[in-house]
Amino acid sequence: MKFSSKALGLAAAAFATAALAQTPAPAPAPAPAPAAPAQPSEFAVCGACHETAPGLAGVGPNLAGVVGRKAGSTDYDYSPAMKASGLTWTPDQLQAFITNPAKVVPGNKMDFDGASDADAKVIVAYLASLKS
């Protein structure tokens with residue numbers, strides 16, 4: 001049995017078309033990870049002791065995901081006062097703590113006298129943007 005070159009060409013084209021139709025499309029490239037929010041200059045004093053990237057350790061507890069978290073609940077050696085405080089870090093609680101840590105949790109071990117109300121608002125807004 002003989003086939004013309006035209007018939008062979010048509011058969012090859014049909015085979016290639018069928019093969020391409022069965023080839024799965026390549027997976028789309030993953031979306032780039034969102035950039036971490038920039039630390040405001042008001043956070044510099046906090047950043048001396050606290051990390052904000054998930055999983056990193058510092059002198060103080062990591063602050064990634066702190067808003068909504070129970071005080072004294074992460075893998076850090078908290079003071080007995082902080083562990084017993086019963087606080088949940090809402091923006092208002094953080095604002096109060098950042099402006100006067102010794103008043104909000106007497107006996108805590110954070111060696112910081114407090115920030116101004118204006119600076120604390122900027123810091124709290126930054127902390128609220130962090131994910132754990």
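Biologist: How many helices and strands does the protein chain have?
Modeller: The model is predicted. Along the sequence, the protein chain reads α-α-α-α-α-α. The count is six helices and zero strands.

Biologist: What share of the 132 residues in the protein chain is buried?
Modeller: Buried means under 20% relative accessible area. With that cut-off, the buried share of the 132 residues is 25%.

Biologist: Among contacts between residues at least 6 apart in sequence, what share joins residues at least 24 apart?
Modeller: Contact here means heavy atoms within 4.5 Å. In the protein chain, the share of these contacts joining residues at least 24 apart is 39%.

Biologist: Which residues of α4 are buried, and which helices do they pack against?
Modeller: Helix α4 covers residues 91–99. Its buried residues are L94, Q95, F97 and I98. They pack against α3 (80–83), α5 (101–104) and α6.

Biologist: What is the handedness of the crossing of α4 and α6?
Modeller: The two axes cross at roughly 135°. The crossing is right-handed.

Biologist: Which residues meet where α4 contacts α6, and how do they divide into nonpolar, polar and charged?
Modeller: From α4 come P91, L94, Q95, I98 and T99. From α6 come D117, A120, K121, I123, V124 and L127. The residues of this contact divide into seven nonpolar, two polar and two charged.

Biologist: Is D117 buried or exposed?
Modeller: D117 lies in helix α6. Beyond four places in sequence, D117 touches Q95 and T99. The cut-off for exposed is over 50% relative accessible area. D117 has 52% relative accessibility, so D117 is exposed.

Biologist: What separates the C-alpha atoms of D117 and I98?
Modeller: D117 and I98 are 19 residues apart along the chain. I98 is one of the buried residues of α4. The C-alpha atoms of D117 and I98 are separated by 8.5 Å.

Biologist: How many aromatic pairs are there, and what are Y76 and Y78 to each other?
Modeller: A pair needs ring centres within 6.5 Å. The count comes to three aromatic pairs. Y76 and Y78 lie 4.9 Å centre to centre, with 75° between the planes, and this pair is edge-to-face.

Biologist: How do W89 and F97 pair?
Modeller: Both W89 and F97 are buried. Their rings lie 5.1 Å centre to centre, with 55° between the planes. The pair is tilted.

Biologist: Where is T52, and which residues is T52 in contact with beyond four places in sequence?
Modeller: T52 sits in the loop between α2 (44–47) and α3. T52 is buried, because its relative accessible area is 14%. Beyond four places in sequence, T52 contacts Q39, F43, N62, L63, A64, Y126 and L130.

Biologist: What separates the C-alpha atoms of T52 and K131?
Modeller: T52 and K131 are 79 residues apart along the chain. Their C-alpha atoms are separated by 8.8 Å.

Terms used:
Residues numbered from 1 in each chain as written. Predicted model: local features only at pLDDT ≥ 70, side-chain atom pairs only at ≥ 80, totals over all residues. Heavy atoms only, no water. Phe/Tyr/Trp six-rings, centres within 6.5 Å; stacked < 30°, edge-to-face > 60°. Buried < 20%, exposed > 50% of the residue type's maximum accessible area, 1.4 Å probe, protein only. Axes fitted to C-alpha atoms, helices over the stretch in contact; angles between N-to-C directions. Helix = DSSP H or I, 4+ residues; strand = E, 2+ residues; numbered from the N terminus. Left-handed = near helix turned anticlockwise from the far one by under 90°. Nonpolar A, V, L, I, M, F, W, Y, C, P; charged D, E, K, R; others polar.
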